Amino acid sequence: MNSVILRVGTRYLAGLLLVFSFYMMMRGHNEPGGGFIGGLTGATGFVLYAIACGTHDARAALRVLPQTIAIWGLGIALTAGLFAALFGDDLFTGQWLFIGATENDKGLPLSSVLVFDIGVYLVVFGSILTIVFAMEEEI
Amino acid sequence: MAGGFPKEVRGNGLTGIVPVLFAAGLFAYFVSLVPNISSNEVLRWNSAWVPSLGIDLAFLVDGLSLTFALLISGIGTLVLLYSNTYLAGHPQYARFALFLTAFMVSMLGLVLADDLILLFVFWELTTITSYMLIGFSHEGEKSRRNALQALFVTGAGGLAFLAGLILLATFAGTTSISGILTMGDELRAHALYLPILILLLAGTLTKSAQVPFHFWLPNAMAAPTPVSAFLHSATMVKAGIYVMARVHPAMSGTDVWLWTLTILGALTAVFSSLLALRQTDLKQALAYTTLMALGTLTLFLGQESGYAMTAFATFLVVHSLYKASLFLVVGCIDTATGTRETDQLGGLGRLMPITAVAAALAALSMAGFPPFLGFIGKELKYAGAIAVASEPVLVAGAALLSNALMLAVAGVVAFRPFWRGSVPSTQSPQEAPWQMWLGPILLAGLGALFGIYPDLLQVALIAPTVISLTGEVGEVKELKLWAGINVPLMLSIATFVLGLLIYAGHVRLRAFLGRAFAVLPDLDLGWDRFLDGLKAFAKWQTRIVQNGKLSSYLFATFLTIAAGLLLTLVYTGLPTIAVDLSDVEWKHASIALLTIAGAVLALFTNSRIAGIAALGVVGIGIALIFIVFSAPDVAITQLLVETLIVVLVAVVMLRLPSLPKAEFRLSHALLSVAVGASVSLILIAVVSSPLDMRLTDYFEATSWPEAFGRNIVNVILVDFRALDTFGEIAVVVIAALSAYALLRTTRKGGSS
């Protein structure tokens, strides 16, 4: 699509969507959001970019092959799941670390669950872009 | 290959030596178990595998399994040593050694397993690894075809075998083989006995290549010669024999068992020894004699007497020793002269003295001359045949005829090439290197040693084997070179006379057999026809089912859905439709109207872009419903997915020609109405029954305290049901990669 307005707008929108997608993923555990939604939002940004500026530019902006991202995501999710085995728990049991936790405050929670969610994000993000780019280019 | 042996035997370095050492280590281990077994101990090793199904990694060593294990690992060691020279410098030797070792280990697992499921796993592993071995020369079309044939025939048998094992486990309530063997009387009286027997035999008879499944075995000769030696002497084909022997205590003794095994065994033995005589290729001739041996072994397993069992155990060892030896000898001849055709071979005795001695020893044992173990085996065979209560004449007759033919074949394979005629001038054969004659001479030598000192074998292996077959010590018959003047001895003498006569006239007989067998149906050809027919059928039904029209696929999919839903409704009864519209607010109504409007527009529009947009409206209407009923996560996901779908569809659709004028198709309309109506009815039924809140309550209560998250949907996704999510994202990746690959191929194919 050859529209100057769309192209200029997309430059900003795509970036914003990417930031927003990250935010959606990080808040997911307590508020609406999460890896699936985050991944979808992030992918929407790049899909928009691909439509406005062409897949060549979109791929250049992404730098990495989308299928590589998807596979890494799967690997990260699996690692997060297997991580529990180190502590003798069943696979895919969430492992938590509360940094600076006090009586009433849980402090900064770090968890394997979040890592798992990041994996989900990357899988959704990468898979959608794999299909969209291929469709744009091949059809 | 006429170049003969490599001048300097280097082997294949570590990849050549390590497997030999590994196999030798296994052999040494099994030898160390012999004292335990000959004092009638039974060794067990148990470890839970799938405890919820009662399946164990259970292994058992008794006389029967140890005899097999020793043959497998011993011959395996020698074959690996031999191959290291035979295939010296082969670029894929590492692969070969891996396959052969894997095959050997699978065979060992098979004979040691004491659990039906474990047995089956090893059974299939031998099928797969033997496929790799038979098809090792994979550049050859014939080699690939024959490997596939062996895989299909034994694999199909394996399926039946699995069904039989499952029935057996269902009957017994356990998968432990030693447990099942104690239930023989109940099993024989049980209604499932016949189905179990038929299914198990379907597996074992295909694996052991009994008539009429015999055709794959000679074709398996496409494998390198050491593989043939291994597959045909102690392993693969003996797997079926082993299983029949293993279940013998529990399943023999019925008329079905007796007659099936006796008739098929006798038929295979005689038929294949005739076929063996017909061959001019040494390796093919040996292949058919293997069939004869398998037939004989099956024949004996049909019986129950101690004589038959002793004959079985002895002949098992005899055959493994001489057959492995002869195959390896043929490999030496082949390498030295470049041919395996009997007509082109002669006078090798002086040039290859050690090989000739090994061949002679093995052949004498095969022909059943005293003082070789083969003679004792043959005597026992006759004694066993006479001891058969039902049909001694039939069994003894079959044994006599096949033994005589065996003697003739032994002459053709191991006597003629060495001691008759002269070396053709085109060949310059020389003695094989020690790595290649060591195996044959050791194995053949053992045949002589055990013949002279039968007690060695008797105490160590035969007696324990017979005991594991019959369960009684008293049933063991003694192995004797000289048992006095009796009927078996008379039969032996008759065998020698008949056998020598056949050998003398074998050239004329061969021509006659060629004509006679031409009349019989060629099963090998039939196999090709069968495969061709199968492929043609597959093509035909693919054309019908996969006609390439998206609309017909969708029609079939939705037809199935509608049928399933409607059947459910018919089965459970229609829900009472009492739709209460009193609490419907204006916003609910407007969302519903919007959605319906979108659907109607999508139906009647002629513009693709309008159609896509209309579908988007439907999707967004559904997202709005989620929002109204406070499911923000689902709503966001739905919205995003809807957006992406619209974009994706637009990308595709905009490049297609504009829509043809929409025409009305009655079948499509009816189907749409049917799907819509049944989904609505089922939804109403679901809503009208009280909602089970247990899960909801559980997640609400535990989400924060146990998983430290307030967003229940997400906590379920990434914590409570993380394994499910992992499965889903794996599917997402697979789908994306498949779509990617598909899109790429269409462009290469130029069809888009």
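**Exercise 1.** In this predicted model, how many residues of chain A are in contact with chain B, and which elements of chain A supply two or more of them?

*Solution.* 
Step 1. Count both sides: 42 residues of chain A are in contact with 40 residues of chain B.
Step 2. Assign the chain A side to elements. Helix 2 (35-53), helix 4 (66-83) and helix 5 (112-138) of chain A each give two or more residues.
Step 3. Find the main contributor. Helix 5 of chain A gives the largest share, 15 residues.
Step 4. Sort the chain A side by class. It holds 26 nonpolar, twelve polar and four charged residues.

**Exercise 2.** Describe how helix 23 (residues 550-572) and helix 27 (residues 666-688) of chain B pack.

*Solution.* 
Step 1. Two packed helices are described by the angle and the distance between their axes.
Step 2. Read off the values. The axes of helix 23 and helix 27 of chain B come within 9 Å and cross at roughly 40°.
Step 3. Classify the angle. Helix 23 of chain B is therefore oblique to helix 27 of chain B.
Step 4. Class them: 14 are nonpolar, one is polar and none is charged.

**Exercise 3.** Locate the domains of chain B and state what separates their centres.

*Solution.* 
Step 1. The domain assignment gives domain 1 (252-504) and domain 2 (549-689) of chain B.
Step 2. Over C-alpha atoms, the centres of domain 1 and domain 2 of chain B are 75 Å apart.

Methods:
Residues numbered from 1 in each chain as written. Chains lettered and ligands numbered in written order. Predicted model: local features only at pLDDT ≥ 70, side-chain atom pairs only at ≥ 80, totals over all residues. Domains from an automatic or database assignment. Contact = placed C-beta atoms within 7 Å. Helix = DSSP H or I, 4+ residues; strand = E, 2+ residues; numbered from the N terminus. Nonpolar A, V, L, I, M, F, W, Y, C, P; charged D, E, K, R; others polar. Axes fitted to C-alpha atoms, helices over the stretch in contact; angles between N-to-C directions. Parallel < 35°, antiparallel > 145°, perpendicular 65-115°, else oblique.
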